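Okay, thanks for making time, everyone. I'd like to walk you through one model today, so let me put it up on the screen.

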Amino acid sequence: HRATLRLNYRKAFFGDYETKFTVFGSRNEGRPFSYTFSEQEMFFTGRFFNLDDDRQLLYMPQGANDPKVRFDPGFNQAAFFAFADIAGISRYAGNIVPRNAFNSAWWTKFDVRVSQELPGFNENHRASAFLVIENFGNFLNDDWGVMREASFPRTQGIVQASIDDATNQYVFEEFFEPGGQSIRQDASLWEIRVGVRYSF
């Protein structure tokens, strides 16, 4: 989802030379991501699989007594279920958590442009100067206009687990609370551009 806003204001403050103010704003829903198991070794082995990637979708237990899951003694159930409630994973209890069921944070950004017409060296020439501030919110406050999102490949591995072939159960071995969404530096910084245009 994306909402945009564009505002223009024009006025000749100096004779016939127009001053123009433009504000462009956008609010974007964050990219989708998935909660997963923290490794692939429980499902796949072999040279065609990158075992460092968190690609296997998480199974969300119905509770501490879910027959499909066995919790190792060292597994922090209290922290896991508390995080699942906060993150909204609990609504998928008893099921595999769907792919891309969650979204990174919304991102709001405003750009400001001011341009001023100027006289040229000849009657038929026109000139203008402009100032552009991209991500104006971040220019005013370091906490505004910051894009945060789940890092590529858009997964959050939160449980190290294995499969018990004898009982056909997931064995939840360790819970990893995600460190949170990372900041996209290139999109989160403000930038100022100044220029002159001359038409003849």
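Let me start with a question: how many aromatic pairs does the structure hold? The answer is 24 aromatic pairs. Keep in mind that this is a predicted model, so I'm talking about computed geometry throughout.

Let me pick out two of those pairs. Take Phe 80 and Phe 172: the ring centres sit 5.9 Å apart and the planes are at 80°, so we call that pair edge-to-face. Phe 80 is in helix H1 and Phe 172 is in strand S12, so the pair ties together parts that are 92 residues apart in sequence. Both Phe 80 and Phe 172 are buried.

The other one involves Tyr 198 and Phe 200. Their ring centres are 6.0 Å apart with planes at 40°, so that pair is tilted. Tyr 198 is partly exposed, at 30% relative accessibility, while Phe 200 is exposed, with a relative accessible area of 79%.

Now, back to Phe 80, and on to the core. The largest nonpolar core has 24 residues, and Phe 80, Ile 89, Ile 158, Val 159 and Phe 172 are the ones with the most contacts inside it. Who supplies it? Strands S3 (32–37), S4 (59–60), S5 (69–71), S11 (155–164) and S12 (169–175), plus helix H1 (77–87), each put in at least two residues. H1 gives the most, with four residues. If you set aside residues up to four places away in sequence, Phe 80 touches Met 60, Pro 61, Phe 75, Ile 158, Val 159, Phe 172 and Phe 175. As general background, nonpolar side chains in soluble globular proteins tend to be buried together.

Okay, zooming out. The protein has three helices and 14 strands. Its radius of gyration is 26 Å, well over the 16 Å that the globule rule gives for 200 residues, so the protein is more spread out than a compact globule. Along the principal axes, the C-alpha atoms fill a box of roughly 90 × 35 × 25 Å. Buried residues make up 34% of the 200. And of the contacts between residues at least 6 apart in sequence, 64% join residues at least 24 apart.

How far do we trust it? The mean pLDDT is 90, and 92% of the residues reach 70 or more. Residues 45–52 are below 50, though, and beyond near neighbours in sequence that stretch has seven contacts in the model.

A few single residues before I stop. Ser 115, in strand S8 (residues 107–119), is buried, with a relative accessible area of 14%. Leaving aside neighbours within four places, Ser 115 is in contact with Glu 18, Thr 19, Lys 20, Ala 129 and Phe 130.

Then there's the backbone. Phe 152 and Pro 153 are joined by a cis peptide bond, with omega at about 10°, and Pro 153 lies in the loop between strand S10 (148–149) and S11. Asn 100 has a positive phi of about 55° although it isn't a glycine; you'll find Asn 100 in the loop between strand S6 (95–96) and strand S7 (102–103). Asn 168 also has a positive phi, about 55°, and Asn 168 is in the loop between S11 and S12. Buried or exposed? Asn 168 counts as exposed, at 65% relative accessibility, whereas Asn 100 is partly exposed at 28%.

Key
Residues numbered from 1 in each chain as written. Heavy atoms only, no water. Core = buried A, V, L, I, M, F, W, Y, C linked by side-chain atoms within 4.5 Å. Buried < 20%, exposed > 50% of the residue type's maximum accessible area, 1.4 Å probe, protein only. Contact = heavy atoms within 4.5 Å. pLDDT = per-residue confidence, 0-100. Rg over C-alpha atoms; globule rule 2.2 N^0.38 Å. Phe/Tyr/Trp six-rings, centres within 6.5 Å; stacked < 30°, edge-to-face > 60°.
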